[in-house]
Amino acid sequence: MTKLRLVVTGREGQVTRALQALAGRELEVVALGRDSFDLAAEGDATAVFATARPDVIVNAGAYTAVDKAESERDLAFAVNGRGAGRVAQAAAALNVPVIQISTDYVFDGSGENFWREDDSTGPIGAYGASKLAGEEAVRAATPNHAILRTCWVYAPWGANFVKTMLRLAQTRPELRVVADQTGAPTSALDIAEAVVTVARNLATRSDENLRGTFHLASQGVTNWADFAREIFAQSAARGGPSANVVSIPSSDYPTPAARPPNSRLSTEKLAVAHGVRLPDWRQSLARVMERLVDAKATPTA
Ligand SMILES: NC(=O)C1=CN([C@@H]2O[C@H](COP(=O)(O)OP(=O)(O)OC[C@H]3O[C@@H](n4cnc5c(N)ncnc54)[C@H](OP(=O)(O)O)[C@@H]3O)[C@@H](O)[C@H]2O)C=CC1
Ligand SMILES: Cc1cn([C@H]2C[C@H](O)[C@@H](COP(=O)(O)OP(=O)(O)O[C@H]3O[C@@H](C)C(=O)[C@@H](O)[C@H]3O)O2)c(=O)[nH]c1=O
Ligand SMILES: [Mg+2]
């Protein structure tokens, strides 16, 4: 197989770092930090991406601070909305496909059904609204795109719920965690493998059914409290920190941004079109836990 060269935004992000970890004989990953490409800047980005010679561009950089986005709405829209549009316009100008990473937070989280790709969006917070603006900007810029909506992302690195739980458990015997938000924790390691498969498909085949919007999430669903319990069960089994988890309603955990209660994502479309299906969330958690806990060190920054 010929070498695939991905140019990725957001150099230190969970997904970007997972992509870099896959680089090897058949995959090159060029990560652009904000020093070389600032998503929040204005103007044509084609020259920056041209210099990096992508086969496929992956927009993994984003403003992901969900609560802070409520008070920094303009910045969130600049990065996640217009920034995504500039990336996709550059891809169009260079005649290469673009993969946009999006989120379950574009939905309002009502009901209990699995969200399908063509269901109506209705973000309930600024972060979700800014990511939806990004999706729309990508669709307007080029038909040669795959928008991959994922959810509840964690990795052995970066800022995420798994590392937060392990850190808090070092000083507290008991943690109160919301139990009324349902979704699928998804490992950045799995996302990166899926992105590479989708990128290869886009780079080598012109089929229309490979393009458009897809949901990318682990198999199975849980809630944040049960996710925390599984984190501690796996951690304890490896001799790592654990804590007792008390289930609480979201109303007992007030935050600036509301979260969608139902983040179940139907992933059939991606499985059929791209042949990508992720493992059960517990199985993928184990791959990350073995790095975080068997390392016998405090989780890395
Ligand atoms: N984290 C999650 O739970 C979920 C994430 N997603 C989406 O997945 C994608 C990847 O997320 P994830 O890897 O977790 O993100 P992270 O928060 O780990 O990383 C985001 C990256 O984007 C960079 N970035 C922020 N602002 C700019 C800017 N103005 N210019 C250039 N780079 C910038 C950050 O840099 P710096 O560190 O310097 O700020 C960081 O490196 C994003 O599109 C996100 O919206 C979707 C669902 C869930
Ligand atoms: C730390 C902590 C969090 N929580 C709650 C808050 C929240 O509802 C839930 C998860 O916390 P987080 O801060 O990880 O939530 P959040 O940052 O909203 O996570 C989201 O990030 C964005 C970028 C996405 O795209 C989403 O898919 C989703 O992963 O757990 C507790 O109940 N107790 C706690 O001790
Ligand atoms: Mg967060």
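What radius of gyration would a compact globule with 301 residues have, and what does this protein chain have? For that number of residues, a compact globule would come out near 19 Å, and the protein chain has 19 Å, so the two agree. Hello everyone, and before we go on, please keep in mind that this is a predicted model.

Let me stay with the whole chain for a moment. Its C-alpha trace spans about 55 × 40 × 40 Å along the principal axes. If you count up the secondary structure, you get 9 helices and 12 strands. We won't visit every one of them today; I'd like to show you some helix pairs and then the two ligands.

On to the helices, then. Two packed helices are described by the angle between their axes and the distance between the axes. Please find helix H3, residues 73-94, and helix H4, residues 126-141. Their axes come within 8 Å and cross at roughly 20°. An angle under 35 degrees counts as roughly parallel, and H3 and H4 are therefore roughly parallel to each other. Their crossing is right-handed. Who makes the contact? On the H3 side, the residues include Arg73, Phe77, Asn80, Gly81, Ala84, Gly85 and Ala88, and on the H4 side they include Tyr127, Ser130, Lys131, Gly134, Ala137 and Val138. Sorted by class, this contact of H3 with H4 has 11 nonpolar, 6 polar and 3 charged residues.

Start with its partner H5. The axes of H5 and H7 are 10 Å apart, and the helices pack at an angle of about 65°. This crossing, too, is right-handed. From H5 you'll see Phe161, Val162, Met165, Leu166 and Ala169, and they meet Phe227, Ala228, Ile231, Phe232 and Ser235 in H7. As for the classes here, we have 9 nonpolar residues, 1 polar and no charged ones.

The other partner is helix H9, residues 281-292, which packs against helix H7, residues 224-237. The angle is about 50° and the axes are 10 Å apart. That makes H7 oblique to H9. H7 passes H9 in a right-handed crossing. Look for Glu230, Ile231, Gln234 and Ser235 in H7; they meet Arg282, Leu285, Ala286 and Met289 in H9. The contact of H7 with H9 has 4 nonpolar, 2 polar and 2 charged residues.

Let's finish with the ligands. How many residues surround ligand 1? There are 25, and the closest are Gly10, Gly13, Gln14, Arg34 and Ala62. Helix H1, residues 14-22, and strand E4, residues 98-103, are the elements that give two or more residues to this shell. Its classes are 11 nonpolar, 9 polar and 5 charged.

Ligand 2 is surrounded by 18 residues, with Thr64, Val66, Thr103, Cys151 and Val178 the closest. Which element gives the most to this shell? That is E7, with 4 residues. Our friend H5, residues 161-169, and strand E7, residues 174-178, each supply at least two residues here. The shell around ligand 2 divides into 11 nonpolar, 4 polar and 3 charged residues.

Key
Residues are numbered from 1 along each chain as its sequence is written. Chains are lettered from A and ligands numbered from 1 in the order in which they are written. This is a predicted model: local features need pLDDT of at least 70, side-chain atom pairs count only at pLDDT 80 or more; totals for chains, interfaces and linings use all residues. Axes are lines fitted to C-alpha atoms, for helices over the stretch in contact, and angles run from 0 to 180 degrees between N-to-C directions. Angles under 35 degrees count as roughly parallel, over 145 as roughly antiparallel, 65 to 115 as roughly perpendicular and the rest as oblique. A crossing is left-handed if the near helix is turned anticlockwise from the far one by less than a right angle, and right-handed if clockwise. Two residues are in contact if their C-beta atoms, placed from the backbone, lie within 7 Å. Ala, Val, Leu, Ile, Met, Phe, Trp, Tyr, Cys and Pro count as nonpolar, Asp, Glu, Lys and Arg as charged, and the others, Gly among them, as polar. A residue is near a molecule or strand if its C-beta atom, placed from the backbone, lies within 6 Å of it. The radius of gyration is taken over C-alpha atoms; the globule rule is 2.2 Å times the number of residues to the power 0.38.
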